[in-house]
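Open your viewer and get ready to click along with this tour. At each stop you will be told what to select and what is there.

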Amino acid sequence: MDCSLDVEAVRARFPALHRRQHGQVVAYLDGPGGTQVPQSVIDAISRVLEHGVSNLGGGFGASHDADESTTQGRLAMADFFNADPSEISFGQNMTSITFAVSRALARTWRSGDAIVVTSLDHDANFTPWVRAAQEAGVEVRIAHFDPVTGELDPEEIASLLDERVRLVATCVASNAIGTLVDVGTITELAHDVGALVYLDAVHAGPHRLLDVRSIGCDFLVASSYKFFGPHTGILFGKLDRLAELAFYKVRPAPSDPPDKLETGTQSFESIAGLTAAVDYLAGLGDGSNRRSRLVDGFSRIRAHERVLSARFLDGIAEMDKVMVHGVPAADDRRVSTFALSVSGTSAEAVAGHMADQGLYVWSGHYYALNAIERLGFLDSGGLIRVGFVHYNTTEEVDRALEALAAV
Ligand SMILES: Cc1ncc(COP(=O)(O)O)c(C=O)c1O
């Protein structure tokens, strides 16, 4: 059996990947900021809108469709995270969900408690917690990553833990430098002192299939537009945890999980698109059910991304002026997201030079303010970010390398 990824077949399914600039196909190397969607996701979204759309809980066909879309979305995300559908809630995006969860959790904190956050995280998994802690009179402890290796040592978290800590919030993967965090070990350490664990899986989404049962975390949040779906946020929360928390809600809205934190009407078309995105990913692998196909699909994704990463890092190693910040090897410590600096040229100028050649990359801090500050680039305009996902090719890696070499 061929266990590799057929990248040309993958690309044929994504209409946006055929976009051209000056006659040349553009290279989307901006996956960390948001990925493109396959035609099946576009079709699923259109179907909902074309067929007639209504709200939940009515006694007629279009409302039954909205109910069914929501049920299917929970089932799909339950397979994606290895959770139960009753533990899956939807929201506008990761940031909104995190503000909601942080406010609900903060109501259980008391003055003298503490929380642990990290300097590796996107600000959406930092500021909501810091604000909630400030309002509740709770101490904030910051776990720092090593700016040389790019890694966040679980021992660093351990050194900040004691029985006063109520929460540890960390990313699974850094959207700035691509580091993978040992969230299983961190969860065990946090639980040993009675703290809850909130994981930001937004950046991990397109690269690694997660298993909330084996990680053991209390909450985990993701965003579908980062893994080939539309703009919708997803929260996994252990049922007991969701049940005991008091979320801000309007009176007639459901008070039981998982819908109790879904404020207002959800985007049913996006939830249908999200289900199609999970099915698309499952379709990349073989197996007897959706979860096992996802497991196989993601192992192919991972192998392909590793090839792209190794090629990219080998190419960068040849360039005296270009430096990679973060894990310098294409191994299990990282995903295929690279933060770079080019000596003598600003990140913005490099990204502009690449954009002129149809190479879409970001520059700046990408909301990972603390991480870019810790790397020493916040005041000088940040870093260039080149991100590869499974629809990227070795030719695109080479185009990026050529453009960087020519800066
Ligand atoms: C790691 C990470 N966390 C959180 C977010 C915020 O996600 P959202 O746009 O869904 O609020 C992002 C967005 O870039 C991200 O990369």
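Start by selecting strand S11 (residues 322-325) together with S12: the two pair in the antiparallel sense over four bridges. Strands here, like helices, are DSSP runs numbered from the N terminus, with at least two residues (E) for a strand and at least four (H or I) for a helix. Two strands count as paired if DSSP finds at least two bridges between them. Click on Val322, and then on its bridge partner in S12, Val342.

Before you go on, note that this is a predicted model, in which local features need pLDDT of at least 70 and side-chain atom pairs count only at pLDDT 80 or more, while totals for chains, interfaces and linings use all residues. Residues are numbered from 1 along each chain as its sequence is written.

Leu340 stands opposite Ile384 in S15.

**Ser363 and its contacts**

Next, select Ser363, which lies in strand S14. Ser363 counts as buried because it has 21 C-beta neighbours inside 10 Å. Leaving out residues up to four places away in sequence, Ser363 touches Ala347, Glu348, Val350, Ala351, Gly382, Ile384 and Arg385. Two residues are in contact here if their C-beta atoms, placed from the backbone, lie within 7 Å. Now draw a distance from Ser363 to Val10: the two are 353 residues apart along the chain, and their C-alpha atoms are separated by 27 Å.

**Two residues with positive phi**

Most residues other than glycine have a negative phi, and most peptide bonds are trans. With that in mind, go to Tyr366, in the loop between strand S14 (362-364) and H13. Phi of Tyr366 is near 45°, a positive value. Is Tyr366 buried or exposed? Tyr366 is buried, with 24 other C-beta atoms within 10 Å.

Then jump to His22, in the loop between strand S1 (20-21) and strand S2 (24-25). His22 has a positive phi of about 50° although it is not a glycine. With 8 C-beta neighbours inside 10 Å, His22 counts as exposed.

**A cis peptide bond**

Select Pro257 and Pro258, which are joined by a cis peptide bond with omega of about 5°. You will find Pro258 in the loop between helix H9 (239-244) and helix H10 (268-282).

**A buried strand and its crossover**

Move to strand S7 (residues 165-171). Seven of its seven residues are buried, so S7 is largely enclosed by the rest of the structure. Strand S5 (residues 114-118) pairs with S7 in the parallel sense over three bridges, and Ala114 stands opposite Val165 in S7. S7 also runs parallel to strand S8 (residues 196-200), joined to it by five bridges. From S7 the chain crosses through helix H7 (residues 183-192) to S8, and this β-α-β crossover is right-handed: with the strands pointing away from the viewer, the path from the first strand over the helix to the second runs clockwise.

Colour the chain by domain: domain 1 is 7-37 + 290-405, and domain 2 is 43-281. These bounds come from an automatic or database domain assignment. The C-alpha centres of the two domains lie 25 Å apart. Their contact takes 33 residues from domain 1 and 36 residues from domain 2.

Finally, select the ligand. Which residues are closest? Among the 14 residues that surround the ligand, the closest are Asn93, Met94, Thr95, Asn175 and Ser223; a residue is near if its C-beta atom, placed from the backbone, lies within 6 Å.

Notes: Buried ≥ 20, exposed ≤ 12 C-beta atoms within 10 Å, placed from the backbone.
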